[in-house]
Amino acid sequence: YVVSYMLTGWLKRRCFMSLSSSAMSAGGNSSGSASALPPACRQFSTACAPPLVIPTTLSNGGSPCEPTVVTHSDVFTSPRRPDDAWEVAIMLNWRIPACAQLIWKRADWRICADGGSNRLYDSVQMVAQNAPPLNAICGDMDSIRQDVLAHFTAQGVKVHDLSHDQDTTDLQKGLALARGFFSSMRDTHKKQQLRVIALGALGGRLDHTLQNVNTLYTSNDDGGGSTTAEAPMELVLVGEHSTARLLRGPAETGAYGWTEHAVPVDLVHEGPTCGICALANASQGRAGVRAVTSGLRWNLDGSQEMAMGFGALQSTSNLVEPVCVDEHGRGHVRVATSGPLLWTTELRGES
């Protein structure tokens, strides 16, 4: 049978088990207990988040002690570290989030996607005298106003008219432009990783939002279904009320059985409300995506009973555990997953 959970209120306490170093097994399964794993497997911790214990069943028969660990970026802290990724901010044609000014200022390069130019032009804060300059405009140019186009063209902003391409979205066009510029300037900026923060990517029409979420899954695809090694890109979607990023699974990261993610949460600007969702089909007996978490109020334990997907459980309205906050106001969350997951946080409003 299939039971679909919406984890709010008292249901959370029934559906989630808190992980601890003494009791992390799923439903009494000894293969998932802490004592069943070597000590090294019990030490995947940051200074703040409790360690993860991965059930051996997540390894598909392989050793659970050889994880691929993906460390995600804090997109709000300013100034950024000197060794940080090369960062691009893309303004889309939707309401500008309250945190946009901070992100726009800390970016290395700034793009407006078509009608996003109107949003930038109309924002007093974003085009103030000391505001960082816009570097490029791209898109199919069906939304940008002529007065806005004339204004930015007079400022020397490069305009990329891609109206011949009706098979990709404005966000995808912006990502392609960012990747191309990143690669061409690699000898100058000396960075190995590209990060793109898409502003206005969540909210508005549902089909637009779903396509932007879909772009999280395809942003590192080379067009043939495989992940490109050139200019690896981290994409973060930011809307009026939420952020979203993809926690890739083993098939995308080259891991065997599962992938571990270290995700910072800047509790000054986002959270503590958060969610972990799987967009896979988990109905009609399909397995779903299994995950183990630490640093949340209601943690996932990796059991098949907590497998996620449409037609099964989704972890919504969860909370970054308040005790897991470092001296910079960042909460640290650890997620080990058997497949791709969508990580989302609630924005705190005016920053």
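## Strand E8 and its partners

Two strands are said to pair if DSSP finds at least two bridges between them. In this predicted model, strand E8 (residues 233–238) and strand E9 (residues 242–247) meet that condition, pairing in the antiparallel sense over 3 bridges. Within this pairing, valine 236 has arginine 245 in E9 as its bridge partner, and the two strands form a hairpin with 3 residues between them. E8 is also joined to strand E7, here by 6 bridges, and these two strands run parallel; arginine 195 stands opposite glutamate 234 in E8.

How many of the residues of strand E8 are buried? The count is 6 of the 6, so the strand is largely enclosed by the rest of the structure. In a regular strand the side chains alternate between the two faces of the sheet. In E8 both faces are covered, with Met233, Leu235 and Leu237 buried on one side and Glu234, Val236 and Val238 buried on the other.

Glutamine 193 has its place in the loop between helix H6 (186–189) and strand E7 (194–199). Is this residue buried or partly exposed? Buried means under 20% relative accessible area, and exposed over 50%; because its relative accessibility is 32%, glutamine 193 counts as partly exposed. Although glutamine 193 and glutamate 234 are 41 residues apart along the chain, their C-alpha atoms are separated by 7.9 Å.

## An open sheet of four strands

Elsewhere in the model, 4 strands form an open sheet in the order E2-E10-E14-E12, and the pairing in this sheet is mixed. Strand E2 (68–71) and strand E12 (291–294) stand at the edges, and since each has a single partner strand, one side of each is left without a neighbour in the sheet. From one strand to the next, the twist averages 20 degrees.

Strand E10 (residues 259–266) and strand E14 (residues 330–337) are paired in the antiparallel sense over 8 bridges. In this pairing, glutamate 260 stands opposite alanine 336 in E14.

## Strands E11 and E13

Another antiparallel arrangement links strand E11 (residues 270–277) to E13, with 3 bridges joining them.

## Helix H5

Helix H5 (residues 170–184) has 15 residues, and the distance from its first C-alpha to its last is 21 Å, close to the 21 Å expected at 1.5 Å a residue. An α-helix has 3.6 residues a turn, so residues three or four places apart point the same way. The buried residues of H5 are Leu171, Lys173, Gly174, Leu175, Leu177, Ala178, Arg179 and Phe182.

## The largest pocket

About 510 Å³ of space lies in the largest pocket. Which residues of its lining are the closest to its centre? Of the 25 residues that line the pocket, these are Asn93, Thr169, Asp170, His208 and Asn212.

The elements that give two or more residues to the lining are H5 and helix H7 (206–218), and H7 gives the most, with 4 residues. Sorted by class, the lining of this pocket has 6 nonpolar, 12 polar and 7 charged residues.

Note on methods. Residues are numbered from 1 along each chain as its sequence is written. This is a predicted model: local features need pLDDT of at least 70, side-chain atom pairs count only at pLDDT 80 or more; totals for chains, interfaces and linings use all residues. Side-chain values use heavy atoms; hydrogens and water are left out. The expected span of a helix is 1.5 Å times one less than its number of residues. Buried means under 20% relative accessible area, exposed over 50%, partly exposed in between (1.4 Å probe, protein chains only). Axes are lines fitted to C-alpha atoms, for helices over the stretch in contact, and angles run from 0 to 180 degrees between N-to-C directions. On a 1 Å grid over the protein atoms alone, a cavity is a set of points where a 1.4 Å probe fits but cannot get out, and a pocket is an open set with protein on both sides within 12 Å along at least five of seven lines; lining residues have an atom within 4 Å of a point. Grid points are joined across faces, edges and corners, and a volume is the space filled by probe spheres set on the points. Ala, Val, Leu, Ile, Met, Phe, Trp, Tyr, Cys and Pro count as nonpolar, Asp, Glu, Lys and Arg as charged, and the others, Gly among them, as polar.
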